[in-house]
Amino acid sequence: MRKKKENPQDSLYWLFRPLNDEKRDWADKTDNWVNDYWDSKGHPHRKLIAEAFALTVANGAETLLELGCNCGPNIAIIRERVNMRDDRLFGVDINPDAIRKAAEMLPAVNWTQGDLINIPANDQSVDVLLTDAVLMYVPDTDIEHVMDEIARVAKKAVILLEWGGETTKGKVEDYHWCRNYAKLLTERGFTVDARKLTKEEWDTKTWLKHGMLYIARRA
């Protein structure tokens, strides 16, 4: 019998994921999974991300790049709540349908199709780099390189909303990778504040069990 993959949602899944994929990521369903993401703009954790970014703005940050931005709901909320100019916002996602939707909804923001292995950005070219439930899909063989890429691009700060764990290599729990991102970031020259998510921020069993917010600043 063929062994079931522990973490089936790898980069190829996201690259080639059809719009009519029956698997959905949000409770409220539209006609396809990309539109589901856009309609999740009101989820409480997106307000948390905007508030975290606002703290970096208060310390001089002026630009933001989100990796794995999908169709841009986080950037839409940040744009509204922090009053950011479109030309200072950047989104990268591996899926072409997601990027097309993002460009349709926020045409003046800088959208690029790309991946985490080779982030399409110059060294320290953005003040803040954000991921939201993205690194939880990166396998143990790639995570050190991906974190190097994140540290290469981010000039001032990194905000991660991911699943925490004990080791830097990571362990698959509930079908996703859990890791010690605080240590991974500290090893790359950041000082890190980390805390668990609350029920008000993400009220599902798995996110309450694993969900963490990391705000890392250049030491």
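Mentor: Cys 178 is buried, its relative accessible area being 2%, where buried means under 20% relative accessible area, exposed over 50% and partly exposed in between, with a 1.4 Å probe and protein chains only. This is a predicted model, in which local features need pLDDT of at least 70 and side-chain atom pairs count only at pLDDT 80 or more, while totals for chains, interfaces and linings use all residues. Residues are numbered from 1 along each chain as its sequence is written, and side-chain values use heavy atoms, with hydrogens and water left out.

Trainee: How many disulfides does the rule give?

Mentor: A disulfide is a covalent bond between the sulfur atoms of two cysteines. Taken as a pair of cysteine sulfur atoms within 2.5 Å, the count comes to zero disulfides. Cys 69 is in no disulfide, the nearest cysteine sulfur, that of Cys 71, being 8.2 Å away; Cys 69 is buried, with a relative accessible area of 2%.

Trainee: What span should helix α3 have?

Mentor: Helices are DSSP runs of H or I with at least four residues, strands are runs of E with at least two, and both are numbered from the N terminus. The expected span is 1.5 Å times one less than the number of residues, so the 15 residues of α3 (residues 44–58) should span 21 Å, and the 22 Å between its end C-alpha atoms agrees. After α3 comes Gly 60, whose phi is positive, near 105°.

Trainee: Where does Asp 127 lie, and is Asp 127 buried or exposed?

Mentor: Asp 127 lies in strand β4 and, at 9% relative accessibility, counts as buried.
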